[in-house]
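Good morning, and thank you for joining this group meeting.

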Amino acid sequence: MRGEQMGTRPPQRRRMAASYEYEYEEHDGRYDDPEDGDGSFDDRIATTGLHGFSGRPYVPPASSADGSGPSFGDNMESHFVVPRRLRDKPYELIEAANDWHYAMMNDLPRNEFYRSALRQLITPESFVLEIGAGSGLLSIIAASLGARRVVAIEANMHLANVARQIIHANGYGDRIHIINKMSTDVSPEELAQYGGRPTLLLSEILGTLLLGESALHYVADARRRLLGPGGAVVPPRGAQFATLVESFDIASITSVKSWEGISLDYFNSLQDTTSMVFTKQYGFRFSSAAYTELAPRTPVLAIDFSADEVGVWGGESRTTLRATRAGTVHAVMASWEVYAGEADALCMATHPDATLGNFPRDMQWGQGLQLIEDTSVDGAKPVPFVVQEGELLTLVTRYSVDGVTLQFELLRGASSEE
């Protein structure tokens, strides 16, 4: 994530593994036809319904589907000292583990959210299926709450081995079983040997944007093919939010005016008001910046992980907002919530006020920011979007074909679609 230029497709909490197109994916300079029947990951996606108009889903770094890459040792200069334990591990795996895995596992409210949600659902007869197991922590939580059987699917071979060690070290080796595959490659027959059909589908494959790691692609696939009738999904629901913010701290690192009477304003002709950029890429916690919300935080996409299908985001939505104070909209901030429990009483969120006392959450997820200009004025430089208190505005949200990222545009006046 550090210093990478990703254009309109920002890296999620896990770094994007490829540049996706509608029908082709580039791997090591080659393009793979998703319908050529060669058994590649593209073909498996096509046949499981994850391809098509809704785009290629995100692929976890260093998974078997992501193709082979350099080892951590090979990526270092020959005279640098690399511990033996790291030499053969994929470079992208070590990068991801040290970039966000530790922060994720030390996000204590996150762990408690999952434990509380699972506690309300698990019985001694529960068969839990986790996709994207990582360290195995959530599977261990499920087993510790009394689940009869837990199967944890993890695509990366090295990470699957780490999870096995952690599971055995905690005494759950007889109740938690690891399958080292992409979840889209696991068949119902493979799961049947562990005692029938799963009764609960568990995952935490959320990005800085709610669907940034293609959570709905993988959950919907596992829900349709692998989960037993009437099975529960955790988390069952979530929502992507957007907030109009004024922040001169943000403006100070994304625009320029002058210095000592020297006009530098024309440099703003290069300002990117198109791309979604994550606070971690900027190198700061949003809660540490001075900012003012100019309109109420609003949901722009609601997801029912227990029922929705890929493509539910459509392509574009319009939401009418009323400015609650006058100011300059420097950016739209993207954050999310996921829910669980009776009447969605349990909530995990990435809003700055929710992460203020949770440093690990900001370091693994943080928030998304897209700079805003007044697109009704076409010129060589971006025109600031100044609003008056009480002014009606339309927030346009455009989703990428695969749902992984999104783009905002702010217009004056109420939406005619509402």
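Predicted model: local features only at pLDDT ≥ 70, side-chain atom pairs only at ≥ 80, totals over all residues.

Helix H4 has among its buried residues Arg110, Asn111, Phe113 and Tyr114, and Ser116, Ala117 and Leu118 are buried as well. Buried means under 20% relative accessible area, exposed means over 50%, and partly exposed lies in between, with a 1.4 Å probe and protein chains only. Helices are DSSP runs of H or I with at least four residues, strands are runs of E with at least two, and both are numbered from the N terminus.

Residues are numbered from 1 along each chain as its sequence is written, and side-chain values use heavy atoms, with hydrogens and water left out.

To return to H4, which covers residues 108–119: its 12 residues should span 16 Å at 1.5 Å a residue, and its end C-alpha atoms are 16 Å apart, which agrees. The expected span is 1.5 Å times one less than the number of residues.

Let us turn to the strands. Strand S6, residues 200–203, is covered on both faces. Leu200 and Leu202 are buried on one side, and Leu201 and Ser203 are buried on the other. In general, the side chains of a regular strand alternate between the two faces of the sheet.

Val128 stands opposite Leu200, while Leu201 has Val233 of S7 as its bridge partner.

Elsewhere, an open sheet of 3 strands runs in the order S14-S20-S21, with antiparallel pairing. Its edge strands are S14 (316–322) and S21 (406–412), each of which pairs on one side only. Neighbouring strands here are turned by 25° against each other on average, direction ignored. Such angles lie between axes, which are lines fitted to C-alpha atoms (for helices over the stretch in contact), and run from 0 to 180 degrees between N-to-C directions.

S14 and S20, the latter being residues 392–399, pair over 7 bridges. Ser317 stands opposite Thr397 in S20. Is Thr397 buried or exposed? At 0% relative accessibility, Thr397 counts as buried. The C-alpha atoms of Thr397 and Ala242 are 9.2 Å apart in space, although the two residues are 155 apart in sequence.

My last topic is charge. How many salt bridges does a search of the whole structure find? The search finds 18, a salt bridge being a side-chain nitrogen of Lys or Arg within 4 Å of a carboxyl oxygen of Asp or Glu.

One of them joins Lys381 to Asp265, with the closest N and O atoms 2.5 Å apart. Lys381 lies in the loop between S18 and S19 and Asp265 in the loop between S10 and S11, so the pair ties together parts that are 116 residues apart in sequence. Lys381 is partly exposed at 33%, and Asp265 is partly exposed at 25%.

Finally, Glu316 and Arg318 form a salt bridge, their closest N and O atoms being 3.1 Å apart. Both belong to a network of salt bridges that also links Arg398 and Glu409.

Terms used:
Pairing = 2+ DSSP bridges.
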